[in-house]
Amino acid sequence: MGVLLLKKIKLVCVGKASKAFCRDGIDEYEKRLKPFYDIAVIELPEMPTVKKESDEIIKRAGTRFVLMDVGGEQISSEGFADLIRSEHERADEICFVIGGASGVDERVRQTALRKISFGRVTYPHQLARLLLFEQIYRASTIIRGVPYHK
């Protein structure tokens, strides 16, 4: 019998998740996601300009990514699960991007497959990462029809 290859989820994030409460939550969701996905987090350093950060985002994320953006489309958790499911039907990897404190430039917005928002409020990038991990986990339970473990 062959080895089951997990689909991949890559997160490209500007800045580190250094706050303990965020790091603890992210670690918990990463642990919960291990049976479902191969998760890779690429932390980019904060840079002097948004242009430099955006250059590095595009270099690391490639041309198929979903941008987490306050101005993006608001979708339900079920819609987010559908997004992950449909992207994984097209490719083995889906990439999400979270910009830094000053956001991203227009090139990143134009390159993104989709722009998704978790609401019209602005979150610090560390908290946005924790929310993204939670929603990826919630989506994985929706996709597989298993109960959500709180």
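A: D82 is partly exposed, because its relative accessible area is 42%, and the class runs between buried (under 20%) and exposed (over 50%), using a 1.4 Å probe and protein chains only. This is a predicted model: local features need pLDDT of at least 70, side-chain atom pairs count only at pLDDT 80 or more, and totals for chains, interfaces and linings use all residues. Residues are numbered from 1 along each chain as its sequence is written, and side-chain values use heavy atoms, without hydrogens and water.

D82 has a partner. Its side chain meets R85 in a salt bridge, 2.6 Å from N to O; the term asks for a side-chain nitrogen of Lys or Arg within 4 Å of a carboxyl oxygen of Asp or Glu. R85 is partly exposed too, at 31%. Both residues lie in helix α3 (residues 77-90), three residues apart, or about one turn of the helix. Helices (H or I, at least four residues) and strands (E, at least two) are DSSP runs, numbered from the N terminus.

Now look further along the chain. D69 and R109 form a salt bridge at 3.4 Å, N to O. This pair links distant parts of the chain: D69 is in strand β3 and R109 in helix α4 (residues 106-111), 40 residues apart. D69 is buried, at 13%. R109 is partly exposed, at 23%.

K16 pairs with E43, with their closest N and O atoms 3.3 Å apart. K16 sits in the loop between β1 (7-14) and α1 (20-33), while E43 is in strand β2 (residues 37-44). K16 is exposed, at 56%. E43 is partly exposed, at 30%.

K51, D55, D105 and R107 join in a network of salt bridges. The structure holds 18 salt bridges.
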